[in-house]
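The tour begins at the ligand and then moves to a pair of helices.

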Amino acid sequence: MQSAELSIVVPTYKERGNVAELVRRLDAALTGISWEAIFVDDNSPDGTSEAVKDIAAGDRRVRCLRRVGRRGLAGACIEGMLSSASPFVAVMDADLQHDEKVLPQMLARLKTGGADLVAGTRYVEGGSADSFSGSRSAISRLATKLTHRLVGTNLSDPMSGFFMMRRDRLEELAPRLSPVGFKILLDIAATGGERLAIAEQPYVFGTRFDGESKFNAQIGVEFLGLLLAKMTGDLVDPRFLFFAIVGTLGLVVHLIALRLSLIFLPDAFRAAQIIATLVAMTSNFLLNNELTYRDRRLKGVAMLRGFVLFCLIGSVGALTNVDLASWLYTERQVWWVAGAAGALMGALWNYAMSTLFVWRAR
Ligand code: GDD
Ligand code: MN
């Protein structure tokens, strides 16, 4: 039997209630096309992979790639696309927000229109995203504007997770793609650059059929980190943005803790400042462990050891910061330049050392 002409890759996390309906709709929309659907499930606790395998048992066009110990939309899409041999691959969400009825048009444009990639778009004539809530719509539009400013791309909807492309072009770009975050289309377009011929296909973004969205603030910050990395030619690691935000929050925590300590210890500023420092260090450590280094999260004894190291690194960082700032101040006499340079230096040091020693890649 020959391989299918079109593989549809569907990343899933907790989408049990959507998979059967999606397969039904694909079957109806893709008459006359030889297709297969590859569900890439990150070990969803709701039994999504079992639901897919039940369908797969009676339909050889359906397959489930169950990943264990890993999470991430972009990475799931990349692995799913690379797991097939068909000449054309599409990526679409499982929740039926992407319109499967435009898939045949997208395929036709790849086969005869000379495009390497057809991107689904909600932001040109014929498309729409009215089903987005007010705040999600604002976030999506803001992210689109930022992307246009910061990354050289003419995609009208770079945030879209709905597209189809030629397999040969994908295989070529795959080693340079990042498995982090939600923005797989943007990454492919930015990595492919001018040599990747992109066409756009308008579609109407529907409402979620069942279950809930996995979009959250962390994914938003991850995206900003990705933009920062692309802007600086991958000089700044996307992680650093998280680290900097946590550090800024730490200052707020510090001031609140200091104020509270001073209520109980009105005559002991030194003691209050020590308490506030400890509180801020602890909160920074915990937040970094949860967010910045989520994929390398420390637990149990390793967490305790990490915390001690984190504090040691932090004290050296503070000394470096003070030394540099004082030296700059005697040289230039501009307090805020000296202060900011010292703080930035301290943050960079803490970040580099924490990545190297506290949350080491395993
Ligand atoms: N395998 C895997 N692993 N799949 C995931 C993960 C993950 O960690 N996180 C989300 N998914 C799957 C979901 O199960 C769904 O099929 C698809 O990715 C999109 O996730 P949603 O949770 O439905 O995202 P959304 O609707 O809020 O976001 C949509 O709009 C964004 C643009 O504003 C998606 O289309 C995004 O791709 C798009 O960028
Ligand atoms: Mn969705």
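**Around the ligand**

Select ligand 1 first: 27 residues surround it (a heavy atom within 4 Å), and the closest are E15, D93, M159, S213 and K214. This is a predicted model, in which local features need pLDDT of at least 70, side-chain atom pairs count only at pLDDT 80 or more, and totals for chains, interfaces and linings use all residues. Residues are numbered from 1 along each chain as written, chains are lettered from A and ligands numbered from 1 in written order, and side-chain values use heavy atoms, without hydrogens and water.

Colour the shell by class: 10 residues are nonpolar, seven polar and 10 charged. Here Ala, Val, Leu, Ile, Met, Phe, Trp, Tyr, Cys and Pro count as nonpolar, Asp, Glu, Lys and Arg as charged, and the others, including Gly, as polar.

Next, show M159, where a polar backbone atom is 2.5 Å from an oxygen atom of ligand 1. At D42, a polar side-chain atom lies 2.7 Å from a nitrogen atom of the ligand. At G72, a backbone N or O atom lies 3.0 Å from a ligand oxygen atom.

**A pair of helices**

Now select helix 11 (residues 300-332) and helix 12 (residues 335-358), whose axes come within 8 Å and cross at roughly 155°. The axes are lines fitted to C-alpha atoms over the stretch in contact, and angles run from 0 to 180 degrees between N-to-C directions. The two helices are therefore roughly antiparallel (over 145 degrees). By class, their contact has 17 nonpolar, 10 polar and no charged residues.

Technical notes. Helices (H or I, at least four residues) and strands (E, at least two) are DSSP runs, numbered from the N terminus. Angles under 35 degrees count as roughly parallel, over 145 as roughly antiparallel, 65 to 115 as roughly perpendicular and the rest as oblique. A polar contact is a pair of N or O atoms within 3.5 Å; within protein, one must be able to donate a hydrogen and the other to accept it, and residues adjacent in sequence count only if both atoms are side-chain atoms.
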